[in-house]
Each structure stands twice: as C-alpha cells, then as structure tokens.
Amino acid sequence: MVVIRLARGGAKARPFFNIVVADKRTRRDGRFIERIGFYNPIATANEESIRIAQDRLTYWRSVGAQASPTVERLIKQAAAKAVA
C-alpha cells in the first residue's frame with residue numbers, strides 16, 4: 001500500500017518535515033517514491049511554513065494512496081491558507 005506521510009529532517013530541536021509518497025512498509029525517514037512538499041513547524045512570519053504540490057497530491061490520491069492523519073490536517077491547513 002502507498003501512503004502519503006511526513007519524513008523528518010533538520011537538526012535536533014529544529015524539525016523540518018518532507019511530505020513524501022512512500023510504501024507503507026518502509027521506515028519513516030527511509031526510501032520514498034516522490035517528495036510532494038514540505039512542512040516547517042518553526043517557520044517565522046516571513047518564511048513559508050507549508051507547501052504541497054496539489055497536482056501530485058491529486059494524482060497519488062487517484063491511484064489509491066492514503067494520507068496519514070497528520071498529513072490530512074496539513075492539507076486542510078494549506079488549503080485554508082491558499083484561500084485566505
């Protein structure tokens with residue numbers, strides 16, 4: 001099964017997450033199929049905190065990829081930010 005989830009990067013106490021499409025059986029930070037965005041939880045006011053390639057997200061969902069609960073929340077957050 002293919003999932004859309006977060007892969008952690010960054011340094012200790014300075015997290016940075018890539019939003020990736022990966023096989024469910026691989027490790028959290030291991031091999032992935034495609035990187036479709038990022039999430040920076042400690043972004044300042046003038047930095048971009050989240051970016052998701054909507055066309056790739058739509059494609060992967062159309063072929064059956066399931067998003068993790070956290071990624072679902074981030075997708076909704078990014079959509080609300082895009083409208084505002």
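Q: Is tyrosine 59 buried, exposed or partly exposed?
A: A note before the case: this is a predicted model. Tyrosine 59 has a relative accessible area of 38%. Buried means under 20% and exposed over 50%, so tyrosine 59 is partly exposed.

Q: How are the rings of tyrosine 59 and tryptophan 60 arranged?
A: A pair of aromatic rings is described by the distance of the centres and the angle of the planes. Here the centres of tyrosine 59 and tryptophan 60 are 5.2 Å apart, with the planes at 75°. That angle is over 60 degrees, so the pair is edge-to-face. Tryptophan 60 is buried, at 11%.

Q: How many aromatic pairs does the structure hold?
A: There are 3 aromatic pairs. One of them joins phenylalanine 17 and tyrosine 39: centres 6.2 Å apart, planes at 20°, so stacked.

Q: Which parts of the chain does that pair link?
A: Distant ones. Phenylalanine 17 sits in strand β2 (residues 14–23) and tyrosine 39 in strand β3 (residues 34–39), 22 residues apart. Phenylalanine 17 is buried at 18% relative accessibility. Tyrosine 39 is buried too, at 15%.

Q: Where does glycine 9 lie?
A: Glycine 9 belongs to strand β1 (residues 2–11). Its relative accessibility is 23%, so glycine 9 counts as partly exposed.

Q: Which residues does glycine 9 touch, leaving out those up to four places away in sequence?
A: Arg14, Pro15 and Phe16. As for arginine 28, 19 residues from glycine 9 along the chain, the two C-alpha atoms are separated by 11 Å.

Note on methods: Residues are numbered from 1 along each chain as its sequence is written. This is a predicted model: local features need pLDDT of at least 70, side-chain atom pairs count only at pLDDT 80 or more; totals for chains, interfaces and linings use all residues. Side-chain values use heavy atoms; hydrogens and water are left out. Helices (H or I, at least four residues) and strands (E, at least two) are DSSP runs, numbered from the N terminus. Buried means under 20% relative accessible area, exposed over 50%, partly exposed in between (1.4 Å probe, protein chains only). Contact means heavy atoms within 4.5 Å. Rings of Phe, Tyr and Trp (its six-membered ring) pair if their centres lie within 6.5 Å; planes under 30 degrees apart count as stacked, over 60 as edge-to-face and the rest as tilted.
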